[in-house]
Amino acid sequence: MLQDTTTSRMKPAIALEGISKSFPGVKALSDVSLSLYPGSVTALVGENGAGKSTLVKILTGIYQPDGGSIRVADMETTFATALSAARAGVTAIHQETVLFDELSVAENIFLGHAPRNRFGLIDWKKLNADARALLLRAGADFDPTIRLRDLGIAKKHLVAIARALSVDARVVIMDEPTAALSHKEIHELYALVERLKADGKAILFISHKFDEIFRIADRYTVFRDGTMVGEGLIADVAQDDLVRMMVGRAVGSVYPKKDVAIGAPVLTVSGYRHPTEFEDINFELRRGEILGFYGLVGAGRSEFMQSLIGITRPSAGAIRLDGEILVIRSPAEAIRSGIVYVPEERGRQGAIIGLPIFQNVTLPSLSRTSRSGFLKLANEFALAREYTSRLDLRAASLDQDVGTLSGGNQQKVVIAKWLATKPKVIILDEPTKGIDIGSKAAVHAFMSELAAEGLSVIMVSSEIPEIMGMSDRVIVMREGRIAGRLERDELTAEKLVRAAAGITEAA
Amino acid sequence: MAKLLKNRELLLVGAILVLVALIAWRFPPFVAPANLARVYNDTSILIILALGQMAVILTRCIDLSMAANLALSGMVAAMLNAAFPGLPIPVIIISAMALGAILGMINGALVWKLDIPPIVVTLGTLTIYRGLIFLLTNGKWINAHQMSDAFKSFPRADLAGIPVLSWLSVVMVAAMFLVMSRTPLGRAFFAVGGNPHAAVYTGIDVGRTRFFAYCLSGTLAGLSGYLWVSRYAVAYVDIAAGFELDIIAACVIGGISIAGGIGSVPGAVLGALFLGVIKNALPVINISPFAQMAISGMVIITAVAVNARAERRKGRVILKKAEAV
């Protein structure tokens with residue numbers, strides 16, 4: 001209550017009103033308003049794709065809004081470039097800090113506005129002294145002349161904060177700052193946030209973790225599908241209310257999930273662990289089943305899947321496929337034994353731009369299409385045609401470069417590539433991330449069909465509707481461990497979010 | 001893209017024809033069939049080397065040591081011949097190719113197992129291989145009179161009116177065409193260069209694929225070593241010094257993307273021929289060697305600019321999509 005009176009009396013340090021932003025085919029933000037007050041921490045919460053990142057990019061001048069106004073200290077302004085946002089006192093600290101590893105701490109802090117001596121050269125003495133003073137204000141006392149690469153992530157955050165202080169930032173945006181921090185480092189970060197608050201900075205704190213939101217935030221704003229669906233004081237809200245605001249919508253009906261008789265276990269994973277990424281992973285995957293893997297970004301899902309197919313090695317654990325113990329040392333072995341992985345990043349890990357469609361499709365199946373060591377193009381075309389037509393690929397010719405296809409169609413090529421290997425288990429990592437609605441529906445329908453044909457599917461997804469619409473069973477991962485197992489009939493969005501964010505059942 | 005590539009090769013054929021026509025206008029005897037055959041024969045070694053370099057560049061690597069490998073393999077071939085004049089030529093050729101392959105494997109293993117950047121590895125082996133020649137010979141030359149007649153005459157031998165050297169390059173082009181378009185290894189070269197991350201997921205071992213590319217370039221450099229030494233009937237430390245740049249230039253002119261994943265056998269051959277025509281024709285129309293170098297340089301930059309433009313267009317489209325996400 002006390003804080004309410006302080007903030008309502010105060011003028012916002014920055015106020016966004018009626019901000020909208022569209023990208024071709026997607027409305028990222030519509031009519032969003034947000035005010036940040038000096039000496040106050042505002043938590044911004046929302047699912048992946050709710051528009052949080054877009055808002056940060058507008059605040060820092062990377063994107064220009066299509067409509068709406070930005071007011072800084074009651075003056076209407078526009079951030080035409082990242083530099084103009086920085087000049088207006090808005091600074092952002094990202095999950096992965098955007099600093100320069102090979103430069104010293106002091107150089108990082110003053111990059112672009114280093115103090116000069118009378119010859120116009122950099123005044124190193126003053127640079128290092130000023131840097132030290134700023135670090136002390138940020139609550140850090142380490143040598144500003146050491147190279148940034150020698151610091152841990154938490155200390156790099158401190159450098160980023162010192163940099164923010166050096167330009168006299170009024171608004172500090174922290175985008176999931178604790179995502180990569182250890183327990184102890186997180187507490188140091190909390191202390192820092194308190195200090196920035198005491199210094200009168202307005203702080204926007206983006207986080208998926210409810211415990212930290214309730215610990216350090218004063219106010220909250222909830223985004224859902226690009227709109228603002230709620231705001232207020234943290235003191236007046238319960239965790240459950242926030243969760244409801246985040247996910248509140250009807251899901252399920254639009255997903256073409258078929259009822260499939262689930263068969264015997266196909267894949268059994270027991271005791272899988274990795275020294276840094278995950279531990280204690282045990283589950284069973286059955287014939288005809290779609291097993292959803294839900295969790296926040298960085299929960300270790302993709303890392304686990306990559307070790308399952310031999311890209312990285314687990315430190316312990318065993319896999320059984322159809323009851324037989326299996327050791328997978330490379331992706332080639334995984335493919336041979338019938339486990340395939342469709343990676344998340346289509347551009348980086350999926351399609352090979354420059355190769356024609358049919359060659360992309362047949363790449364992991366060449367041993368089957370060739371004869372006595374020589375490729376048989378006719379066989380390749382036949383195989384590619386069979387699988388691309390099942391996926392309803394829209395392309396003029398299979399001889400055309402995959403680079404000329406739309407994102408959705410590229411994704412279909414990648415999926416066709418893996419299906420053509422005739423796998424027993426297919427792992428789809430974020431299968432519909434960033435593709436248009438039409439292609440999404442086709443991928444979902446196809447996934448359902450595969451399960452009906454007896455294939456076992458693991459679907460890694462961060463989208464709650466997709467998880468709820470498509471999975472027979474869901475495993476929720478949090479911080480590298482399994483945090484919950486849910487059957488289809490007991491699935492609710494609230495349960496998923498609670499397990500993923502680590503909220504106890506109490507409330 | 002396939003269409004565009006074909007266009008790029010057609011473009012190069014056009015450029016070569018225009019070049020030849022220009023030369024014919026100033027110096028008609030240049031286009032006499034016998035002379036054109038001589039120009040091809042003169043370019044044969046460059047063609048063979050460009051084929052090996054192409055495989056390496058396709059996988060996002062580079063082989064700077066090819067000319068040094070050629071010199072070392074050639075020297076060893078000449079020494080074998082000088083020491084055992086009775087040794088049959090096929091045995092000498094196979095020994096040169098085997099030595100070249102081993103030198104290539106060293107490059108490949110360093111790139112694969114130690115993960116050293118290819119340009120550094122091959123810069124290092126370039127000097128090492130040249131140094132080895134000096135150690136082997138103490139800087140002495142092996143001259144024509146120390147070589148057997150069979151050794152010297154093999155590449156010149158006439159087969160259906162065309163020298164064996166030319167035939168060998170034709171056979172190598174055909175073999176490489178087969179490898180690139182009809183074997184899983186050829187496909188893997190493209191996949192590794194086009195998108196190494198994606199290639200890993202499809203079960204291709206990126207390091208091993210690069211290793212094989214270096215084996216291939218090494219083997220072809222070994223073959224070229226014998227051909228060079230026997231053709232010019234002399235072997236010494238500095239033969240083909242600086243020739244690695246001509247090889248890379250031929251690839252670049254031939255539309256092989258230095259960023260990997262894009263290129264073709266016809267492209268490499270045409271790139272080498274283009275350089276061959278320039279080198280053979282400019283002296284006969286009285287253009288100084290210095291102007292020749294400048295012209296070659298301009299051609300290279302033009303070729304890169306044309307290729308870069310074609311590739312950038314592709315990049316922009318992807319960026320737009322990524323933003324929409």
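Strand β14 (residues 316–321) of chain A pairs with β15(A) in the antiparallel sense, over 3 bridges. This is a predicted model: local features need pLDDT of at least 70, side-chain atom pairs count only at pLDDT 80 or more, and totals for chains, interfaces and linings use all residues. Residues are numbered from 1 along each chain as its sequence is written, while chains are lettered from A and ligands numbered from 1 in the order in which they are written.

Some terms. Strands (E, at least two residues) and helices (H or I, at least four) are DSSP runs, numbered from the N terminus. Two strands pair if DSSP finds at least two bridges between them.

Back to the pair: A:Arg320 has A:Ile325, in β15(A), as its bridge partner. The open sheet here has 4 strands, in the order β12-β11-β14-β15 of chain A, with antiparallel pairing. At its edges stand β12 (281–286) and β15 (324–326) of chain A; each has a single partner strand, so one side of each is left without a neighbour in the sheet.

Now chain B. Is helix α11 (residues 243–253) of chain B mostly covered or mostly uncovered? Mostly covered: 9 of its 11 residues are buried, meaning that 20 or more other C-beta atoms lie within 10 Å of a residue's own, placed from the backbone; exposed is 12 or fewer, and partly exposed is in between. Among the buried ones are B:Glu244, B:Asp246 and B:Cys251. After α11(B) comes B:Gly255, with a positive phi near 85°.

Last, B:Ser181 sits in helix α7 (residues 164–182) of chain B. B:Ser181 is partly exposed, because 15 other C-beta atoms are within 10 Å.
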